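Work through the exercises below with the sequence and the model open beside you, and try each task before reading its solution.

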Amino acid sequence: MSTSPNTVVWHESAVSKEERQKRNGHQSAVLWFTGLSGSGKSTLSALLEKELFQSGVHTYRLDGDNIRHGLNKNLGFSPEDRTENIRRIGEVSKLMIDAGIITLSAFISPYRKDRDQVRSILEENEFIEIYVKCSLEECEKRDPKGLYKKARAGKIKGFTGIDAPYEEPEDPEITINTELLSLEESVQLIIKYLKDKNYIV
């Protein structure tokens with residue numbers, strides 16, 4: 001049975017987002033890591049989550065590959081599927097924020113309009129765009145999954161940075177250049193931002 005729009009009504013919780021944040025002892029937001037494959041998004045977000053968790057911050061990490069094993073396993077890598085992939089993650093991130101959690105979302109998310117769409121469904125200051133900056137040349141040298149090699153050989157089509165575009169953030173909250181900064185330096189830079197902006201204490 002299909003569901004018509006007028007039969008779907010948002011059911012308010014008896015516990016507010018603000019109450020959850022107060023109990024958790026910190027604000028909730030999504031840290032949106034974007035960058036080329038091999039730039040270091042997953043590695044950086046995993047280490048940052050560990051640091052935050054150990055300091056008592058309630059966190060959860062959403063990773064591109066992991067999400068495609070379940071929630072988004074029916075999506076491919078066409079421009080349309082990439083947009084739908086990010087739309088779904090944006091909605092999941094919104095739920096996590098409502099739960100009072102700091103969510104770390106690590107996705108190539110190559111299209112600026114898709115990232116802006118996620119920002120638009122959240123409240124002000126709940127979307128923290130982190131540009132994990134790394135040159136294509138360096139990402140190809142790292143090539144942790146061997147994907148660039150396959151893309152150059154024509155075995156993978158529509159690969160970001162090779163035969164599909166990546167649109168750099170125009171005004172990200174944080175830029176992390178992983179060619180210049182160590183992992184630990186990168187983590188501390190993000191933690192400093194979160195403390196300076198009063199997301200965490």
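**Exercise 1: a charged patch**

Task: find which residues gather with E12 in a patch of negative charge on the surface.

Solution. E12, E18, E19 and D98 gather in a surface patch of negative charge. Such a patch is made of residues with over 30% relative accessible area and no salt bridge, like charges being joined within 9 Å. A salt bridge is a side-chain nitrogen of Lys or Arg within 4 Å of a carboxyl oxygen of Asp or Glu, and Asp and Glu count as negative.

The model is predicted, local features need pLDDT of at least 70, side-chain atom pairs count only at pLDDT 80 or more, and totals for chains, interfaces and linings use all residues. Residues are numbered from 1 along each chain as its sequence is written, and side-chain values use heavy atoms, with hydrogens and water left out.

**Exercise 2: E19**

Task: state where E19 is found and how far E19 is from D98 in space.

Solution. E19 is found in helix α1, residues 17–24, where a helix is a DSSP run of H or I with at least four residues. Next, E19 has a relative accessible area of 46% and is therefore partly exposed, a term that lies between buried (under 20%) and exposed (over 50%), with a 1.4 Å probe and protein chains only. Finally, E19 and D98 are 79 residues apart in sequence, and their C-alpha atoms are 9.9 Å apart in space.

**Exercise 3: L71**

Task: identify the residues in contact with L71, leaving aside neighbours within four places in sequence.

Solution. L71 lies in the loop between α3 (64–67) and α4 (79–98). With those neighbours set aside, L71 is in contact (heavy atoms within 4.5 Å) with R88, I89 and V92.

Definitions and conventions
Patch = residues over 30% accessible without salt bridge, like charges linked within 9 Å, V, L, I, M, F, W, Y side chains within 5 Å. Areas by Shrake-Rupley, 256 points an atom, 1.4 Å probe, with all protein chains shown as cover. Charge placed at Lys NZ, Arg CZ, Asp CG, Glu CD. Helix = DSSP H or I, 4+ residues; strand = E, 2+ residues; numbered from the N terminus.
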